Amino acid sequence: MNTGWALVAGLLSLSLVAGATAQAAPPRVSDASDTFFQQSEIPQLRITVEKKDLDKLQAEPRSYVKAALEENGQTKYQGVALKLKGAAGSYRDWDDRPALTLNMTKFNKQGKFHELVKFHLNNSVQDDSYLSELICSELFRQAGVPAARVTHARVWLNGRDVGLYVLKEGFDERFLKRHFADPTGNLYDGGFLQDLDADLEKDAGAGPVDHSDLRAITEALAVEDPAARWRKLATLVDIDAFLTFMALERMTCHWDGYANNMNNYRVYFDPTTSKACFFPHGMDQMFGDPGMGLFDHTKPMISAAVMQNNEWRQRYRERVAKLLPLFSPADGLIRRVDEIQKRLKPALEAIGKEAASEHVERVKEYKERLVARAENLRAQLAEPDPEVLAFANKKSEELLPDWYEQLETEDAKLERPKLERKETYSIACGKTVPCVASWRRDVLLGPGKYELRALVRTNRVISPDGNESGGAGAGISGVERTNHLRGTNAWKPLTEEFTIREDQRHVQLVLELRASGGRAWFDAASLRLVRIGNPPPPAQE
């Protein structure tokens, strides 16, 4: 299937310079799964679920039921395990176009589908080009990151034509054998919007059963001294591999992946290195925003650690530069898209003229986004890194203009009125209780001890349910603030101290109202960030 792809001519050694994820798996003999994913024919899959099993499926769509599978009107597979899959954007009921997971051995130990034990049929409702999963999985594998192989299939459910699907291999022991010398490590499913500190589902592995491998990482990240934290983290996570993974997620605009949104990922603990490696997942909305940032600070634990460490951040930038030939110029990607489109055309024409013509338009749009992204990647690499706040004229104090709104309660009212000749940022509660709303300001800070200062006035501010942590106040996102102004008050100064120990950290400053009633005003001219000293030395390990 990849014969005509000239995308990486002369660059197949890229995985060596870009950082391979793990000790390579031993050379393997090609099997039926390779042939299946490389064939030009789009397979026709007819799935049948008996009524009693269908009733069970509709009652518990995430639980496996028995199904029969017929391929191209010839090969039949009995006792196939089937369940519905998909998250908020892609999940559909059985009577619609459901996304499906099929397991060949759950009910039949000898079952295999072209040597696959587990595979998915994705409805591609969030990618009507049907291209993203395939294109991006190939990009990740070209760079040495394990990624599921992808093809397509025409699907019928109980005789009902549900159209073209994206067929993707599952993450299981066979997948691990393709990429690692030792496939017996723990494999975790990142789940929905969960980081490594969550109770992640273990999909495979003979490693610890108590999540101690994941817990070791979160404990390392809690080490106060950044230098000690990073040393410990490097013994637990394959940082070099993660740099490649993170770079590719961002270069492909995977806004809903791990590095940006702690979503759609798998993590594997390689027994040969005792380090965690990340795999991409859910790549159906890629290249949607050709201008997506490469060097922004984000919340997920490991990507945040990379961006806060100047050495790792520089290595990440260098990794992006080494991976750039995969994307820019976009000619190779465009040729690959044309190959896939040519392969899909007969299947789509068999579905109907409208489906075929609609796909031509979607592919055209997809190629335009690829070209735009190629140009944008070069432009971002040409720009210098964002600099930490230097404080004007080398003073220790900085005025903070240009705050933006954030509403957690929709009917809260945020305004910029004048009050007693002062320009203010105002928050007023609506009828919804509790009211939670804020003005926010992003800053990039280097090591230091800081104080946020604000002059605040309140009118009849009531803490929700008498909660002592409610009221109006100023602080930083993710840390419980120490100031809580309630009731009616004339202008009153509030301060919040915090410490940055890392080389740099993105901080979101917050002017907040948490209340069941009332209003708060923040004097715009009083909003200042003051550097009050160096961070204290860390406690001895």
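## A259 in helix α9

Let's begin with A259, which sits in helix α9. This is a predicted model, and in it A259 is buried, with a relative accessible area of 0%. Leaving aside neighbours within four places in sequence, A259 is in contact with M246, E249, R250, T298, P300 and S303.

How far is A259 from H211 in sequence and in space? The two residues are 48 residues apart along the chain, and their C-alpha atoms are 21 Å apart in space.

## The nonpolar cores

Next comes the largest nonpolar core, which has 73 residues. The residues with the most contacts inside this core are L196, I217, F278, I302 and Y316. Helix α8, residues 239-251, gives the core its largest share, namely 8 residues. There is also a second, separate core of 35 residues, and C429, V443, V461 and I476 are among its members.

Not counting residues up to four places away in sequence, Y316 touches L243, M246, A247, R250, L294, F295, V306 and M307.

Is helix α10, residues 301-308, largely enclosed or largely open? It is largely enclosed by the rest of the structure, because 7 of its 8 residues are buried. The buried residues are I302, S303, A304, A305, V306, M307 and Q308.

## Where α7 meets α10

Helix α7 covers residues 226-236, and its axis and that of α10 come within 12 Å, crossing at roughly 130°. The two helices are therefore oblique to each other. In this pair, α7 passes α10 in a left-handed crossing. The contact is made by R229, W230 and L233 on the α7 side and by I302, A305 and Q308 on the α10 side. By class, the residues of this contact are 4 nonpolar, 1 polar and 1 charged.

The buried residues of α7 are P226, A228, R229, W230, L233 and L236. What covers them? The cover includes α6 (212-221), α8, β11 (275-280), α10 and α11.

## The α12 and α13 pair

Two packed helices are described by the angle between their axes and the distance between the axes. For helix α12 (residues 331-351) and helix α13 (residues 353-382), the angle is about 165° and the axes are 9 Å apart. The pair is therefore roughly antiparallel. Here α12 passes α13 in a right-handed crossing.

Which residues make the contact? From α12 come L333, I334, V337, D338, Q341, L344, L348, E349 and I351. From α13 come K353, A355, A356, H359, V360, V363, Y366, K367, L370 and V371. Sorted by class, this contact has 13 nonpolar, 2 polar and 4 charged residues.

## Backbone details in the loops

Most residues other than glycine have a negative phi, and most peptide bonds are trans. With that in mind, a few loop positions deserve a look.

Two peptide bonds are cis. One runs from S328 to P329, with omega near 0°, and P329 is placed in the loop between α11 (310-323) and α12. The other joins V433 and P434, where omega is about -5°. P434 lies in the loop between β16 (422-428) and β17 (435-445).

Two residues other than glycine have a positive phi. For H114, phi is near 50°, and this residue is found in the loop between β4 (99-103) and β5 (118-122). For N264, phi is about 55°, and this residue is in the loop between α9 (258-261) and β10 (265-270). Are these residues buried or partly exposed? H114 has a relative accessible area of 24%, so it is partly exposed. N264 has a relative accessible area of 16%, so it counts as buried, since buried means under 20%.

Key
Residues are numbered from 1 along each chain as its sequence is written. This is a predicted model: local features need pLDDT of at least 70, side-chain atom pairs count only at pLDDT 80 or more; totals for chains, interfaces and linings use all residues. Side-chain values use heavy atoms; hydrogens and water are left out. A nonpolar core is a set of buried Ala, Val, Leu, Ile, Met, Phe, Trp, Tyr and Cys residues joined through side-chain atoms within 4.5 Å. Buried means under 20% relative accessible area, exposed over 50%, partly exposed in between (1.4 Å probe, protein chains only). Helices (H or I, at least four residues) and strands (E, at least two) are DSSP runs, numbered from the N terminus. Contact means heavy atoms within 4.5 Å. Axes are lines fitted to C-alpha atoms, for helices over the stretch in contact, and angles run from 0 to 180 degrees between N-to-C directions. Angles under 35 degrees count as roughly parallel, over 145 as roughly antiparallel, 65 to 115 as roughly perpendicular and the rest as oblique. A crossing is left-handed if the near helix is turned anticlockwise from the far one by less than a right angle, and right-handed if clockwise. Ala, Val, Leu, Ile, Met, Phe, Trp, Tyr, Cys and Pro count as nonpolar, Asp, Glu, Lys and Arg as charged, and the others, Gly among them, as polar.
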